[in-house]
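Subject: Structure for you to look at

Dear colleague,

Here is the structure I promised to pass on, with the sequence alongside. Please look it over first, and then read my notes below.

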Amino acid sequence: MYLHIIKKRSLLFIFLFILLLTLLLALPWVSAKEPPQPEAWQINGIVAALDDGYDQVKGSAFNKLVGASTFGRNTQIASKPFR
């Protein structure tokens, strides 16, 4: 009779211990911080590059502009080169 109660208690303690370990190891990676916004000089540089005469410079600036507006998410527009 007592052995059955001890087994139930030990399983409960093992479950609670594993749950506690899981939470302690997983919570440090949870972050709600937003990526930093681009500064004014970066935006001004991209705008100046969009007015450039070279197509490669315009394409690179467009890709950076699209990447900055989507906060670094991978989108189909950002992955295609500008032509």
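A helix here is a DSSP run of H or I that spans at least four residues, and helices are numbered from the N terminus. On that basis, the protein reads α-α-α-α along its sequence, with four helices and zero strands.

Please keep in mind that this is a predicted model. The average pLDDT is 75, and 72% of the residues score at least 70. Over residues 71-75, however, pLDDT stays under 50, and for this stretch the model has five contacts beyond four places in sequence. Where pLDDT is low, the predicted coordinates should not be read in detail.

As for the surface, 7% of the 83 residues count as buried, while the protein exposes about 7,800 Å², of which carbon and sulfur atoms supply 67%. A nonpolar patch of about 810 Å² is found on that surface, made by Leu11, Ile14, Phe17, Ile18, Leu21, Leu25 and Trp29. One of these residues, Ile18, lies in helix H1, which covers residues 2-26.

Lys58 belongs to helix H3, which covers residues 55-69. With a relative accessible area of 25%, Lys58 is also partly exposed. Between Lys58 and Ala48, which are ten residues apart in sequence, the distance in space is 9.2 Å from C-alpha to C-alpha.

Key: Residues are numbered from 1 along each chain as its sequence is written. This is a predicted model: local features need pLDDT of at least 70, side-chain atom pairs count only at pLDDT 80 or more; totals for chains, interfaces and linings use all residues. Side-chain values use heavy atoms; hydrogens and water are left out. Helices (H or I, at least four residues) and strands (E, at least two) are DSSP runs, numbered from the N terminus. Buried means under 20% relative accessible area, exposed over 50%, partly exposed in between (1.4 Å probe, protein chains only). Accessible areas come from the Shrake-Rupley method with a 1.4 Å probe; for residues, only the protein chains shown count as cover. pLDDT is the predictor's confidence in each residue, from 0 to 100. Contact means heavy atoms within 4.5 Å. Patches are made of residues with over 30% relative accessible area and no salt bridge: like charges are joined within 9 Å, nonpolar side chains (Val, Leu, Ile, Met, Phe, Trp, Tyr) within 5 Å. A salt bridge is a side-chain nitrogen of Lys or Arg within 4 Å of a carboxyl oxygen of Asp or Glu.
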